[in-house]
Amino acid sequence: MRGGLAALRMLLQIAFRDLFASRVKTLIVGGIILFGAVLVVVGSSLVDTVDAGMRASIQGSLAGHVQVYDARSRDPLALYGSMMGDPDLTPFPDFARVKAAIATVPGVRQVVPMGLGTALVSPGNLFDVAVARLRADVRARAAGRGGPELEARYQAHQAHVRRMATLLRDDLLQATAILDASRESAERARNAEDLARATSSGFWEELDRHPLSSLEFLENRIAPLALEGTLIVIRYVGTDLEQFRKAFDRMEIVEGRLPPPGERGLLVGKLYAEEYLKLRAARRLDQLQEAITLHHRKIAGDEELARWVKEAGGQTRELLMQLDPLQAAEAARRLGRALGTGEDDLGKLLAQLFALDDRNFSARYRIFYDELAPLLQLYPFKVGDAVTVQGAARSGYMKSVNLKVWGLVQFKGLEKSGFAGVMSVMDLASFRELYGWLGPKELAEIRGLKAAAGAKELSREEAEATLFGGETSKEHPEAGAPGHPLPLSREAREGQGGGADLAPSDPDQGVALNAAVILDDPRRIPAAMRQIEAAGTRAGLHLKAVTWQEAAGMVGQFVTLARLVLYVAVLIIFAVALVIINNALVMATLQRVTEIGTMRAIGAQRRFIWAMVLVESVAVGVAFGLAGSALGAGVVWLIRAAGGIPAGSDRMYFFFSGPSLLPRLGAGSLAISLGIVLLVSVVSGLYPALIATRVTPLEAMRSED
Amino acid sequence: MLATDLLISARNLARHTRRNLFLGGAIALVTALLVLLGGLTAGIREAMLDSATTIMTGHVNVGGFYKITSGMAGALVTRYPEVLADVRRHVPELSFVAVRGRGYAKAVADTGSMNLVLAGIDVAAEPRFREVVQLQAGSLDALREPGTILLFEDQAKRLGVGVGDAFTLSAPTARGVNNTADVRVVAVAKSVGLLSSFHAFVPAGEIRRLYQLRADNTGALHLFLRNPAQAARVAARLRDDLAHDGWKVMDADPQPYWQKFQRVNSEDWTGQRLDVTTWEDELSFLTWILSALQGLTGLLATVLMVIVVVGIMNTLWIAIRERTREIGTLRAIGMQRRKVLWLFVLEAALLAVLGTAAGALLGWGVAAAVNRVHVAVPTAVQFFLMQRHLTLSLHGLTVLRDAGGIALVTTLAAFYPARRAARLEPVTAMHHIG
């Protein structure tokens, strides 16, 4: 034992003497190891931070620790959707049973019911908004709150609606250029008639006498013709809002509030509202502002920014259409003052406002938001308004639900993610309605109807009338197109959603597609997954439990792929480094043939020589590996001190789970990188050590150089 | 003279077989790696171009939007026969044109439903389509009849339908009405990568029927050029030429057409505008994967080259120390400094060339083996690699360029040690021991 220690001491002594003696070799080998160690420490710290950040934001916003869905589903669960549309999941017909089964697993803190899907919302049309304003004036007049100010407003609103109807009439003439004239001609003739009436002066004179019937005509016959805005896709998760809030700490209500318990409603994704609903000109200004202030880009010479500037300026029509004559005059006055010109034509003023360059941008941005924005409606709805959400029910037919928008929601870390940040949240009862959950009795009824109708499928209108008690047609009796979205600013009467009777008192009773399970201890995920599936089998349910990464679908796969790529890259780098280090050591060994031979001649065993060379390379590895790790840690610290790596694009914002990546140094990644470095130095020392043992004393004495 | 020098270099290399084998091996490894990564990138790019140009885009497209009101756009080209005539006049590089309708619908079958991007196609007029799309069942000719559809195998599986089965297409229109049409599956084609998971083909008339359009409307003209590399130039020229002919043409915007609806809807114009795009524009939602891969390759290449350069310099340092006396002797008998430098650089160059050549061959061999074995790409990664079977595409010129680059860098790395060797004074050099 003591002999071994003494030998080790001698070996170390020799090793360090040699290292200092042949400094060039030591520096080269050490340099490569140092470089490698820095790379591994910094790289793994970055990937670990990205991984941990994304795990935290996805787990904390939607996935929970474990996701559970029916094992008999045709597609795997994909929380953020897949290329083929929503995954086809077999629903849990009675979620309460599932919850009861999962609750038996020890360590389960919460089981949250969910139903994910996509639906269409209409951002609404400006015509509806204008008519709603007019209706408010009519009411005020009827209530006897007259006055010169109201009269002026009433006249202005009338002029606004009338101008829009005139534009509409001209617009519809355009349709004849593309539409096949042989079809729908009767309907189109009726539309033309309606428009002719709405633009005639007789109609507007009558408004004073029979305001309510005239308004009804405008709302029911003219508004549906205003083909403003396409229907846009909204991704939602239907859930029990109280349980959801408790389970997911990443959810932030940016504006408004959570619907009170028992109320139905929708929380719209903030990014979704910004990206798809906001006034385009305002959205472009926001994007420019972010690019210029946050990413320090310049409009001059940046092709993308130049395009945004052009687009912001090209989208003033939306803006002009919103303003009635009174507001337009006010806007022109404010802009003229702010821009310091004598111009009073609003169109020209707007063109001037949007003539942006790097110098005037921040001033113009302020003018837009301080002067113009208060007159405008930046989003097609305000918090508190109702929107119509249309979903393709499981049967394929469209269902629509009117929901009150209670607020805007975002998930910390996913604010800018096109996949994950656009998610809106709605109550479970509304989801069930959209999903078109039908019991066995209704299904039999449909089959009967199908048989009666022959091979032809039911038309949409018939299906809805039959299946849902004509609810849709009751709500807008004369709408030419039953799916036509409701005016957004109607009062909350409809905002509570139809069919409140569909909602059972216990939100867990009824259909759900999947469940998020929150555990007391996240480290127990694998065990909990096994136990949940077992508990399902015991309860006669077919439960499949997956991790957040699997459940996240494409998003989760991308993280896995990124990790894999980093490890492969590190592996390749070290493979090449191994060869180079090995080579340097072999050459260094060969230079010492004389020395080694002499040592052998004076009685050193082969094993001693072998150990000597190996200890040398390990000593280099340890010394420089440690130095490299320390340097790497220093680099990580510097990055943190400098405020992290800023996310240059929205995609990076998502991976960084925030505006910048603050790398954290885990003890694990440090240990792993040291381990790798040690392994490399040992392995690369093996071959030179072997060569050294082959040196015979004779060879050493013969050698010339 | 050069032959003698080469001989000397080769002999010097051969004298230290072991060290040079290692070093050459490292160079070969790096070369093979870069060749393979390059092959992967090119493979993805080609697979993308190949499936995309069959399914959703030409090399250059003349599409556009028709706005009935300024707030409602349809992806339409009205009076397309006239547009087509003008295009033919302006594009002599044209090989052929495919006229395609554009649509989007939800497919509803008894056992499943999914969203489909519809392309209206005239199969009789597109011989290339027949070549690229391989049928699993059914017949392409049947697609001439109205009320028919071609699905890809994944879609058929998902919808639970086969040839002869019927299902319903339900297309949402801006008015909130869903136009529906019943279609019969007449052909099921083998998947050609990611894009075939959500594109399906119907006769051109079917799209018009679904949206109630007149016969002179279509979605887009897909132009195929004899040389796809010219796409960007042709697109830019065509944009100007069409504008010159009096068509209203939209500004270049490198995005696929379906991402433009929002912007177009909020612009203040009505009627028809044409939009000229290239295949790269239409695929811009995927090309970031290529850029990421290229960035990664570049980063890896840089790090590896640093390591290799250190290795080369180290080896030469030691070689020079070993041969100091030899150098001194050569200098003493009248060899010029320049010649000494030349000999050392030549040695390094020879090693680099041999190493990179071996590496290129190795990479080529591995690529050929991978292509032959048909490695199935896991579904998770298919989205990112856009291939079902891993295919590496190697081109002589690219490989040569990569290998040449590496050889050049490694040779340059030899200059510094070689210059030191050349600077040795004959006297000191000859005195040097060990």
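## Why these labels?

Trainee: What makes strand β9(A) largely enclosed by the rest of the structure?

Mentor: Strand β9 (residues 514–519) of chain A has 6 residues and 5 of them are buried, so the rest of the structure largely encloses it. Buried means that 20 or more other C-beta atoms lie within 10 Å of a residue's own; 12 or fewer means exposed, anything in between is partly exposed, and C-beta atoms are placed from the backbone. Helices (H or I, at least four residues) and strands (E, at least two) are DSSP runs, numbered from the N terminus.

Mentor: Some housekeeping: this is a predicted model, where local features need pLDDT of at least 70, side-chain atom pairs count only at pLDDT 80 or more, and totals for chains, interfaces and linings use all residues. Residues are numbered from 1 along each chain as its sequence is written, while chains are lettered from A and ligands numbered from 1 in the order in which they are written.

Trainee: How do you know that β1(A) and β9(A) pair?

Mentor: Pairing takes at least two bridges found by DSSP between two strands. Strand β1 (residues 66–70) of chain A has 4 bridges to β9(A), in the antiparallel sense. One of them links Val68(A) with Ala515(A).

Trainee: How many bridges join β2(A) to β9(A)?

Mentor: Strand β2 (residues 108–121) of chain A has 6 bridges to β9(A), and these two run antiparallel. Here Met114(A) has Asn514(A) as its bridge partner.

Trainee: Why is Val131(A) called buried?

Mentor: Val131(A) has 25 C-beta neighbours inside 10 Å, so it counts as buried. You'll find Val131(A) in helix α4 (residues 126–142) of chain A. Beyond its neighbours within four places in sequence, its contacts (C-beta atoms, placed from the backbone, within 7 Å) are Val161(A), Leu215(A), Leu218(A), Glu219(A) and Ala223(A).

Trainee: What makes α23(A) roughly parallel to α10(B)?

Mentor: Helix α23 (residues 554–591) of chain A and helix α10 (residues 284–322) of chain B have axes that cross at roughly 5° and come within 9 Å. Angles under 35 degrees count as roughly parallel, over 145 as roughly antiparallel, 65 to 115 as roughly perpendicular and the rest as oblique, so α23(A) is roughly parallel to α10(B). Among the residues making the contact are Ile572(A) and Val576(A) of α23(A), with Leu300(B) and Leu304(B) of α10(B).

Definitions and conventions:
Contact = placed C-beta atoms within 7 Å. Axes fitted to C-alpha atoms, helices over the stretch in contact; angles between N-to-C directions.
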